[in-house]
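Thanks for coming, everyone. I'll walk you through one structure today, a few spots at a time. Please have a look at it first.

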Amino acid sequence: MPATVVVGTQWGDEGKGKFTDLVAKEMSMVVRYQGGHNAGHTIVVGGESYALQLVPSGVLYDHITPVIGNGVVVDPRVLLSEVAALEAKGVDCSRLRVSGNAHLILPYHQELDVVFERHLGKNKLGTTKRGIGPAYADKAARVGLRVQDMFDPKIFRQKIEVVLHQTGALLARVYNRLPPDVDEICELYLAECAPRIEPYVADTVNLIHDGLDAGQHILFEGAQATFLDLDHGTYPFVTSSNPTAGGACIGAGVGPMAIQRVIGIAKAYVTRVGSGPFPTELFDDIGEYLVDVGHEYGTNTGRRRRTGWFDAVMLRHAARINSLSEVAITKLDILDGLDEVKVCVGYDIDGARHDHLPYHQSDLHVATPVYETLPGWKTDLTEVTERRELPSAAVDYLAFLEEQIGVPITLVGVGPGRRQFLHYDAA
Ligand code: GDP
Ligand code: IMO
Ligand code: MG
């Protein structure tokens with residue numbers, strides 16, 4: 001049975017957690033394929049809010065096997081505390097499976113993330129300081145450690161000694177920090193974490209393929225988003241993995257033909273947390289309104305998100321990069337109080353009109369959005385569950401987005417709760 005990907009189409013926090021949870025009902029497995037605990041995916045069920053970082057959003061359903069794929073970077077201490085917190089809320093995590101090939105985030109990765117950012121000063125990337133970039137850098141440099149290394153103490157120690165030969169010197173001599181202690185890391189990862197992580201470790205590639213062969217529906221849950229992608233995002237203001245749909249193939253171990261459906265998640269406006277270009281960013285009262293009404297603060301880091309109007313240029317690009325088969329629009333209800341709503345349909349760059357993302361990023365930094373203005377609907381949408389209940393101005397807004405993106409809109413979110421959505425494509 002072919003698989004589905006859920007992918008963020010903007011700069012993250014589009015509502016991937018909620019929409020993964022919505023479509024997960026029909027799935028047997030939900031697989032995270034990249035990123036780490038830089039993600040914060042919120043699901044609200046019956047008034048209870050779950051902010052998931054590493055554990056896939058499918059964990060809330062008893063029939064789903066949540067899988068952390070080989071492409072994820074795992075801090076075992078964070079994973080164990082997330083599992084403990086979920087179990088304390090009554091969520092059974094015993095079905096969780098973690099790839100033995102997933103790379104580990106080690107304490108020195110987090111330290112490097114902090115000192116690199118400090119060193120960049122006002123040019124900082126605004127990372128989540130979770131050690132994500134340094135862990136992926138070690139993976140690419142072939143000095144990373146994998147989850148499976150935690151079960152071979154000799155290899156684990158040997159690899160740590162090799163990597164710390166350089167990283168220890170970097171931290172001590174360049175950044176004036178104490179060099180990491182090999183014994184301390186071995187004690188923490190081998191003695192404390194390994195026995196508790198072991199029950200979850202599995203050959204996830206074969207697990208996923210056995211599921212596909214048995215006709216199961218499998219969902220790949222992206223973290224971060226298209227414009228935070230290491231290759232396709234606004235580099236260097238990106239994360240260090242490939243959140244785009246193609247990343248699911250690498251980070252879970254399936255070929256492109258396995259994927260049939262790609263759902264792009266897009267907020268009805270845009271937010272970004274951290275540094276980098278953002279053509280439609282608002283610095284006025286409407287920007288403040290979106291922060292306040294949309295509660296635009298990081299799920300785990302608490303950072304205030306930057307806000308702006310919906311950008312159709314970005315979405316057209318995301319549709320191409322990800323082969324989007326459909327789009328889910330989230331947080332439409334946040335626009336309920338506005339007299340009018342704007343959509344960026346193109347960029348003006350040095351007097352020339354661009355309908356597609358400029359190839360050179362310096363152009364993106366100076367791009368002026370070309371807006372179309374539509375009337376607001378000034379109606380509370382949070383109780384709407386069917387398309388025919390939507391006010392005509394809201395339908396017009398969605399129809400305009402659909403036309404601009406060139407991909408059908410199927411689902412629309414009108415509140416954080418599990419039931420607060422509608423099938424836009426249903427008659
Ligand atoms: P993710 O990282 O893409 O999973 O998104 P986050 O969970 O970081 O941020 C999305 C926020 O919006 C969360 O607080 C969700 O509960 C909330 N949310 C998701 N969909 C909707 C929606 O349609 N309306 C409203 N009002 N909130 C939503
Ligand atoms: P979810 O999955 C929004 C941003 C950081 C920073 C950049 C690099 O919840 O959508 P990193 O720590 O990854 O090296 O930071 O990426 N970032 C996110 N922004 N949502 C996320 O995840 C993010 N994960 C990373 O703010 O700009
Ligand atoms: Mg988030």
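A word on terms before we start. When I say two residues pack or are in contact, I mean heavy atoms within 4.5 Å. And keep in mind that this is a predicted model.

Let's begin with helix α12. It covers residues 392-405, 14 residues in total. From first C-alpha to last, α12 reaches 20 Å, close to the 20 Å expected at 1.5 Å a residue.

Which residues of α12 are buried? They are Ala393, Ala394, Val395, Tyr397, Leu398, Phe400, Leu401, Gln404 and Ile405. In general, an α-helix has 3.6 residues a turn, so residues three or four places apart point the same way.

What do these buried residues of α12 pack against? One partner is a helix, α10 (312-322). The strands are β14 (310-311), β15 (326-330), β16 (340-349), β18 (368-375) and β19 (409-413). Just after α12 comes glycine 406, with a positive phi of about 85 degrees.

Next, the metal. The magnesium ion, ligand 3, is coordinated by Asp13 through OD and by Gly40 through O, at 2.0 to 2.2 Å. These two sit 27 residues apart, in distant parts of the chain. Aspartate 13 is in the loop between β1 (3-8) and α1 (16-24). Glycine 40 is in the loop between β2 (29-32) and β3 (41-45). Buried or exposed? Glycine 40 is buried, with a relative accessible area of 14%. Aspartate 13 is partly exposed, at 23%; the cut-off for buried is under 20%.

Now glutamine 224. You'll find it in the loop between β10 (218-221) and α8 (245-252). At 8% relative accessibility, glutamine 224 is buried. Its side chain makes a polar contact with the side chain of glutamine 34, at 3.1 Å. Leaving aside neighbours within four places in sequence, glutamine 224 also has contacts including Gly8, Gly12, Glu14, Lys16, Asn38 and Pro243.

That loop between β10 and α8 also holds proline 236. The peptide bond from tyrosine 235 to proline 236 is cis, with omega near 5 degrees.

Last stop: positive phi in residues other than glycine. Histidine 295 has phi near 45 degrees. It lies in the loop between α9 (285-293) and β13 (306-308). Histidine 295 counts as exposed, at 61% relative accessibility. Lysine 331 has phi near 60 degrees. Its place is the loop between β15 and β16. At 22%, lysine 331 counts as partly exposed.

That's the tour. Questions are welcome.

Key. Residues are numbered from 1 along each chain as its sequence is written. Chains are lettered from A and ligands numbered from 1 in the order in which they are written. This is a predicted model: local features need pLDDT of at least 70, side-chain atom pairs count only at pLDDT 80 or more; totals for chains, interfaces and linings use all residues. Side-chain values use heavy atoms; hydrogens and water are left out. Helices (H or I, at least four residues) and strands (E, at least two) are DSSP runs, numbered from the N terminus. The expected span of a helix is 1.5 Å times one less than its number of residues. Buried means under 20% relative accessible area, exposed over 50%, partly exposed in between (1.4 Å probe, protein chains only). A polar contact is a pair of N or O atoms within 3.5 Å; within protein, one must be able to donate a hydrogen and the other to accept it, and residues adjacent in sequence count only if both atoms are side-chain atoms. Donors are N, O and S atoms within 2.8 Å of the metal (3.2 Å for Na, K and Ca); water is not among the atoms, so sites may look incomplete.
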